[in-house]
Amino acid sequence: QVRLVESGGGSAQPGGSLRLSCVASGVIFSTYNMGWYRQAPGKQRELVAQITSGSDTNYASSVKGRFTISRDNAKNTVVLEMNSLKPEDTAVYFCNARYWLDFWGQGTQVTVSS
């Protein structure tokens with residue numbers, strides 16, 4: 001059974017930083033493309049960042065240069081480092097694992113406000 005567990009959400013002031021982690025179980029982690037998505041109230045879920053099984057990365061234009069995605073295959077973990085946070089980054093952030101099928105975590109709230 002595939003399970004993705006996110007942690008690290010919370011509150012930050014504009015310009016601050018947060019670090020999200022996602023631990024996967026029930027998958028051969030190294031073969032999966034991993035990603036972070038977010039969904040703000042009243043909006044559709046959108047891609048934030050992706051990292052392939054070969055560690056190629058892709059970022060939404062709105063976060064490029066501020067967020068960094070990385071993976072540790074030995075720990076079945078994908079991390080999203082978020083810097084220079086803005087109020088518009090406020091959303092529920094979801095971890096995604098993709099290998100033919102999509103698997104999702106339960107989400108973690110990120111709130112950026114002064």
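This is a short chat about a predicted model.

Colleague: Which residues touch the most other members of the largest nonpolar core?
Modeller: Met34, Trp36, Val78, Leu80, Met82 and Tyr93 do, in a core of 29 residues.

Colleague: And which elements give two or more residues to this core?
Modeller: Strand 3 (18-25), strand 4 (33-39), strand 5 (46-51), strand 7 (67-72), strand 8 (77-82), strand 9 and strand 11 (108-112).

Colleague: Take Met34. What does Met34 touch?
Modeller: Leaving out residues up to four places away in sequence, its contacts include Leu4, Phe29, Ile51, Ile69, Val78 and Cys95. Arg71 and Asn96 are also among them.

Colleague: Now Arg38. Where is Arg38 placed?
Modeller: Arg38 is in strand 4.

Colleague: Buried or exposed?
Modeller: Arg38 counts as buried because its relative accessibility is 6%, and the cut-off for buried is under 20%.

Colleague: Which side chains make a polar contact with the side chain of Arg38?
Modeller: The side chain of Ser62 makes one at 3.4 Å. The side chain of Tyr93 is joined to Arg38 by another, of 2.9 Å. Tyr93 also came up in the core list.

Colleague: What else does Arg38 touch?
Modeller: Again setting aside residues up to four places away in sequence, Arg38 touches Glu46, Phe67, Glu88 and Asp89, among others.

Colleague: Switching to the surface: which residues make the nonpolar patch?
Modeller: Tyr99, Trp100 and Leu101 make a patch of about 460 Å².

Colleague: Where is Tyr99 placed?
Modeller: Tyr99 is in strand 9, which covers residues 91-99.

Terms used. Residues are numbered from 1 along each chain as its sequence is written. This is a predicted model: local features need pLDDT of at least 70, side-chain atom pairs count only at pLDDT 80 or more; totals for chains, interfaces and linings use all residues. Side-chain values use heavy atoms; hydrogens and water are left out. Patches are made of residues with over 30% relative accessible area and no salt bridge: like charges are joined within 9 Å, nonpolar side chains (Val, Leu, Ile, Met, Phe, Trp, Tyr) within 5 Å. Accessible areas come from the Shrake-Rupley method with a 1.4 Å probe; for residues, only the protein chains shown count as cover. A salt bridge is a side-chain nitrogen of Lys or Arg within 4 Å of a carboxyl oxygen of Asp or Glu. Helices (H or I, at least four residues) and strands (E, at least two) are DSSP runs, numbered from the N terminus. A nonpolar core is a set of buried Ala, Val, Leu, Ile, Met, Phe, Trp, Tyr and Cys residues joined through side-chain atoms within 4.5 Å. Buried means under 20% relative accessible area, exposed over 50%, partly exposed in between (1.4 Å probe, protein chains only). Contact means heavy atoms within 4.5 Å. A polar contact is a pair of N or O atoms within 3.5 Å; within protein, one must be able to donate a hydrogen and the other to accept it, and residues adjacent in sequence count only if both atoms are side-chain atoms.
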